[in-house]
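Let's walk through this model together, one chain at a time. Have the sequence and the coordinates open as you read.

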Amino acid sequence: MPDELDLLRGANPVPADGPHFGDGPLGHDAERRLNQLLHGSGPFGRRRTRWMWSLATVAVVAVTALALLLAGPDTVPAVAAPRPLLVQAGSTPVPLARMAEIAEAAAADGSPTLRKGTHVQTWSMGMSEDEPPITLPVERVVRWRADATHTELVVATDPRHPGRPVLSEGDGQPRMVEDGHVISEQTFGPSWSDAPPESTPPHDPGLLKAYLQETQYPSTTLTTRELLDAVRVLLDHWTLGAPEDAAVARLLADAGGLRPVGRVTDRLGRPGQAYVHDGQGSRKMLIMDPATGAVLGLEDTATSAEPEWGLKVGDVMDYSAWMR
Amino acid sequence: MSNDEIFAAAYREHYWAVSRYVARRLDGRTSEVEEVVAEVFTVAWRRRTDLPATPLPWLYGVARNCLANAVRGQGRRRRLVDRLGNDETAHGRQVVASPDTEPPGAWVHEALARLTPADQEVLRLTAWEELAVDEVAVALDCGTRAAAMRLHRARRRLRTEIDRIRPALAADVNSPKEHGHA
């Protein structure tokens, strides 16, 4: 019988001779990061610059003032992290099981239908040890064609403030850009991957659960929190049809741990019913369409501070709003 | 060689071993590996005067702390997943061969998951990174005797869990080996 270490060696998920991360030349990004470290650009370079200023504060007051003046429009403003959605006072929470019934009824005629690709607006917090957190608003549209190619368009935009400059991150450096600034536009060659989340999601709740498990956490049974993460991955790849919406709603209702809290208006101005899952360090709020039971959004809010990252209780760390 | 040159050499030699270390602990979330590895080497750069002659176990120790931070930095990780959402290597496909098969070693992972994080890490460093006890001690920032004791106890507890899960254990187990360090 092999001993326990032999068994563990045999279960190495990323062996050195496996298909990924095998020894060899560095890729372009790895080379670029090494150069940034060696030659002082990038985040570490910024940190070093600050330190040097503090050493010679008196002597370089004029220089510092000039630098601040010149920095002008590129300077990253100190923007408070977005606040969580407010639940409308006095609104009646709808139990998630009832929402699943609504979704199942809405799916009776089979429309709308499932479509590969996504349209999602995100607000994602970026943190570092030496800078305040920043929130990057991004819209991402992925469209698949019949020949199995797909395009991805990513733009910097914040629909809450149309036309106003937004914070974006290029090459690791946050800066203000105009609304609608194209971060990337790419066309990908044909792909016929048959593994989740690229394979077609089922609309049976049990099968969908297995699909989501394979998507995200293949070796352990999904907790409700992990299930929410997996749903996010699913929605970042697929625009669900009514049957899949109903399966997601049923799956979430059966999972337990999601507390109905009432009516909200999401960041895109849509009415929603909110369901909260409290976990260690953060609270996830699921927003569902009260008419169809479709998932409209997911909000992740800090419930404990992380001073080393500048994170405060009540900061929204991540918000995704999905659209058709 | 200057500190910078020594760092650059360690970066080039061990970049992929550190990537594997991180990938093994992100449970198949391959899309996040690159960013965590970047952070590992950024931290290592700041501490490059501490870089030992055999840097890999020390780099694993840095990576262990970075992973703990990455788990806390949910928002930042999410942003990376968004950015790399179309990465063909993402979503654990290196772990799961096909939707119809049980992931290789799934039940061993299950046994491992029943142990404490400290037990898991000493076992993974030994079995997956193939570190000797003195190297495990460097990675865990403890003494060699303490590392040996931790490994001894962790092995015993893993054995117990394996026996609970698979009393009649099949003996034909492949053992892919880690190369290129130590």
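**Chain A: helices and hairpins**

Chain A contains eight helices and 12 strands. Please keep in mind that this is a predicted model. Of the 324 residues in chain A, 38% are buried. Looking at the contacts in chain A with a separation of 6 or more, 58% of them are between residues 24 or more positions apart.

In the loop between helix H5 (96-106) and E1 of chain A you will find A:Pro112. The peptide bond that leads from A:Ser111 into A:Pro112 is cis, and its omega is near 0 degrees. As background, most peptide bonds are trans.

From there, follow the chain into strand E1 (residues 115-126) of chain A, which runs antiparallel to strand E2 (residues 134-144) of chain A and is joined to it by 10 bridges. For comparison, most residues other than glycine have a negative phi.

Next, move along to strand E9 (residues 271-278) of chain A, which is joined to E10(A) by six bridges in an antiparallel arrangement. A:Asp278 faces A:Arg283 of E10(A) in this pairing, standing opposite it. Three residues lie between the two strands of this hairpin, and A:Gly281 in the turn shows a positive phi of about 90 degrees.

On goes the chain to the next pairing, where E10(A) and strand E11 (residues 295-302) of chain A are antiparallel over seven bridges. A:Ser282 stands opposite A:Ala302 in E11(A). The hairpin of E10(A) and E11(A) has six residues between the strands, with A:Gly293 in the turn at a positive phi of about 75 degrees. How many of the seven residues of strand E10 (residues 282-288) of chain A are buried? Six of the seven are, so this strand is mostly covered, given that a residue is buried if 20 or more other C-beta atoms lie within 10 Å of its own.

**A glutamate in a loop**

Now turn to A:Glu198, in the loop between strand E6 (181-188) and helix H6 (205-216) of chain A. Is this residue buried or exposed? A:Glu198 is buried, because 20 other C-beta atoms lie within 10 Å. Setting aside neighbours within four places in sequence, A:Glu198 is in contact with A:Ser191, A:Ser193 and A:His237. The C-alpha atom of A:Glu198 is also 9.5 Å from that of A:Gly117, although the two residues are 81 apart along the chain.

**Chain B: helices**

Chain B has eight helices and zero strands. Buried residues account for 49% of its 182 residues. Among contacts in chain B between residues at least 6 apart in sequence, 68% join residues at least 24 apart.

In helix H2 (residues 33-46) of chain B sits B:Glu35, which counts as buried because it has 20 C-beta neighbours inside 10 Å. Its C-alpha atom is separated by 9.9 Å from that of B:Ser19, 16 residues away along the chain.

For a look at helix packing, take helix H5 (residues 106-113) and helix H8 (residues 144-165) of chain B, whose axes come within 9 Å and cross at roughly 130 degrees. H5(B) and H8(B) are therefore oblique to each other. The crossing of H5(B) past H8(B) is right-handed. H5(B) contributes B:Trp107, B:Glu110, B:Ala111 and B:Leu112 to the contact, and H8(B) contributes B:Leu158, B:Glu161, B:Ile162 and B:Ile165. Of these residues, six are nonpolar, none polar and two charged.

Finally, visit two loop residues of chain B. B:Glu130, in the loop between helix H6 (117-127) and helix H7 (133-140) of chain B, has a positive phi near 55 degrees. B:Glu130 is partly exposed because it has 17 C-beta neighbours inside 10 Å. B:Asp141, in the loop between H7 and H8 of chain B, likewise has a positive phi near 55 degrees. With 11 C-beta neighbours inside 10 Å, B:Asp141 counts as exposed.

Terms used. Residues are numbered from 1 along each chain as its sequence is written. Chains are lettered from A and ligands numbered from 1 in the order in which they are written. This is a predicted model: local features need pLDDT of at least 70, side-chain atom pairs count only at pLDDT 80 or more; totals for chains, interfaces and linings use all residues. Helices (H or I, at least four residues) and strands (E, at least two) are DSSP runs, numbered from the N terminus. A residue is buried if 20 or more other C-beta atoms lie within 10 Å of its own, exposed if 12 or fewer, and partly exposed in between; C-beta atoms are placed from the backbone. Two residues are in contact if their C-beta atoms, placed from the backbone, lie within 7 Å. Two strands pair if DSSP finds at least two bridges between them. Axes are lines fitted to C-alpha atoms, for helices over the stretch in contact, and angles run from 0 to 180 degrees between N-to-C directions. Angles under 35 degrees count as roughly parallel, over 145 as roughly antiparallel, 65 to 115 as roughly perpendicular and the rest as oblique. A crossing is left-handed if the near helix is turned anticlockwise from the far one by less than a right angle, and right-handed if clockwise. Ala, Val, Leu, Ile, Met, Phe, Trp, Tyr, Cys and Pro count as nonpolar, Asp, Glu, Lys and Arg as charged, and the others, Gly among them, as polar.
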